[in-house]
Amino acid sequence: RHIGTMSRSIVRQSKFRHVFGQAVKADQSFDDIRVSKVTWDSSFCAVNPKFLAVIVESSGGGAFLVLPLSQVGRVDKNYPLVVGHSGPVLDIDWCPHNDNILASCSEDTTAMVWQIPDHTPSRPISEPIVVLEGHSKRVGIIKWHPSARNILLTAGSDNLIIIWNVGTGEPLMTMDDHPDLIYNVSWNYNGSLFCTTCKDRRLRVCDPRKNEVVAERLSPHEGIRPMRAIFTKEGNIFTTGFTRMSQRELGLWDPTNFEEPIALLELDTSNGVLLPFYDPDTNIMYLSGKGDSSIRYFEITEEPPYVHYISTFSSKEPQRGMGFMPKRGVDVSKCEIARLYKLHERKCEPIMMTVPRKSDLFQDDLYPDTAGPEPALEPEEWMDGQDADPILVSMRDGYIPPKSRELKVAKKNVLDTRPATRRSMSVVDGSSLPKLVEEIQNLKATVLSQEKRICDLENELSKYTNGTV
């Protein structure tokens with residue numbers, strides 16, 4: 001008998017064979033959140049090392065709730081929401097390079113970018129930093145670029161994908177290759193390509209800077225229900241979909257050779273779309289079906305069968321949505337390798353995925369360096385054709401989020417294209433000139449007097465240090 005195959009069939013060598021899911025204690029959940037009931041297959045939840053954001057029910061317009069992660073327990077019903085959209089919010093995404101910046105998109109045809117303060121706001125936040133207007137129908141998908149600063153992708157029910165430079169508020173390119181509703185979009189590891197799934201049952205790989213579809217596959221799953229696709233770190237594409245008999249199915253594909261799948265496996269009979277959440281550091285894919293009460297997870301490897309089932313986290317309550325913490329937000333002292341935020345009807349419950357270890361020391365084999373908060377490219381460099389992987393940071397001492405940094409929006413090129421309104425013209429008429437001159441003179445006088453005072457104080461100080469007093 002061939003020893004090699006026998007040993008592999010008995011046990012697979014992987015440090016992730018034992019990954020355990022565990023919900024936090026009841027008092028560590030976020031309670032009394034009115035999760036949105038809008039029918040749309042997005043995750044409704046976004047988290048980062050500082051904040052939890054959840055799309056919520058709101059009368060007249062669209063709103064989402066943003067809470068500091070430490071603010072567990074009951075949410076006050078008057079807690080200030082983020083309320084700028086005039087229609088239901090459909091998707092939200094935290095900026096990977098600034099933990100205080102969040103993007104949202106809505107049925108009102110716009111996308112908005114928000115600066116979230118570190119402190120609890122005293123009233124609802126209604127002023128976005130920038131409003132992105134370019135779609136003609138509702139906008140259902142929003143995704144930041146993984147490694148370039150201020151690059152943001154939106155996809156709408158007008159079947160368009162628009163890529164924006166948030167720093168200027170302008171669209172950089174528009175792709176109109178999709179003939180039907182776009183179900184999801186996923187950037188690859190360095191953001192040179194993205195893949196999409198669409199109601200026309202095609203999986204596409206797009207090169208945004210060439211503005212073209214570079215590869216496509218009709219019906220990676222034969223069923224007509226919605227598919228999802230996500231790039232792995234190696235550049236393969238992991239898909240979820242349905243068979244012709246409505247079985248849920250997973251696939252792994254090589255986009256340079258779409259003919260045959262690397263792996264294809266049937267899961268179960270259920271009609272909820274499986275939302276995949278992927279950790280590129282461990283190559284683990286967490287699958288959460290809307291309406292399911294379980295999270296299944298798989299390891300993707302280079303050797304057969306390529307997609308290895310690890311385990312299932314089961315609970316009693318079905319999930320309405322799910323947030324996935326970036327790796328820099330997990331607790332390394334507890335050997336936590338992932339944390340998901342499960343939305344119930346009225347609460348959000350964190351679920352920790354851990355690899356049990358006997359030692360209290362930092363487990364460097366579980367934590368390769370991970371994507372940090374510094375962008376690798378400026379928007380101009382990316383537009384000029386440069387690519388770069390995310391800049392990595394060590395997890396050895398955990399990750400401490402920095403204080404809030406403001407996102408600067410230089411709108412000059414947006415305003416240059418519009419005729420100036422009367423109101424902005426009148427500011428520059430002569431009447432305000434004397435006031436300006438007077439204010440400048442007053443400030444100069446103040447500065448001079450302050451400088452004189454500093455001089456006097458320094459002279460006084462030098463007497464002490466020279467021993468004359």
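Reader: Which residues form a nonpolar patch on the surface?
Author: Leu-433, Leu-436 and Val-437, with about 280 Å² of accessible area together. Patch members have over 30% relative accessible area and no salt bridge, with nonpolar side chains joined within 5 Å (areas by Shrake-Rupley, 1.4 Å probe; salt bridge: Lys or Arg side-chain nitrogen within 4 Å of an Asp or Glu carboxyl oxygen). This is a predicted model, with local features needing pLDDT of at least 70, side-chain atom pairs pLDDT 80 or more, and totals for chains, interfaces and linings using all residues. Numbering runs from 1 along each chain, and side-chain values use heavy atoms, without hydrogens or water.

Reader: Where does Leu-433 lie?
Author: In helix 5, residues 433-465 (a DSSP run of H or I, at least four residues; strands are E, at least two).

Reader: Is Leu-433 buried or exposed?
Author: Exposed, at 53% relative accessible area (exposed is over 50%, buried under 20%).

Reader: Switching to the backbone. Which peptide bond is cis, with omega near 0°?
Author: The one from Pro-304 to Pro-305. Pro-305 sits in the loop between strand 26 (294-300) and strand 27 (307-314).

Reader: What about phi of Asn-159?
Author: Near 65°, positive although the residue is not glycine. Asn-159 is in the loop from strand 13 (151-156) to strand 14 (161-165). Asn-159 counts as buried, because its relative accessibility is 16%.

Reader: And phi of Ser-219?
Author: Near 50°, also a positive value in a residue other than glycine. The loop here runs between strand 19 (212-218) and strand 20 (228-231). Ser-219 is buried too, at 12%.

Reader: Now the voids. How many cavities of 30 Å³ or more?
Author: The structure holds 3 (a cavity is a set of 1 Å grid points where a 1.4 Å probe fits but cannot get out; lining residues have an atom within 4 Å of a point; volume is the space filled by probe spheres on the points).

Reader: What is in the largest cavity, and what lines it?
Author: About 70 Å³ of space. Of its 14 lining residues, Val-66, Tyr-79, Ile-116, Pro-121 and Ile-125 are the closest to the centre.

Reader: What is the volume of the second largest cavity?
Author: About 50 Å³. Its lining includes Lys-50, His-97, Asp-99, Tyr-399 and Arg-405.

Note on methods:
1 Å grid on protein atoms, 1.4 Å probe; cavity = no way out; pocket = protein on both sides within 12 Å on 5 of 7 lines; lining within 4 Å. Patch = residues over 30% accessible without salt bridge, like charges linked within 9 Å, V, L, I, M, F, W, Y side chains within 5 Å. Buried < 20%, exposed > 50% of the residue type's maximum accessible area, 1.4 Å probe, protein only.
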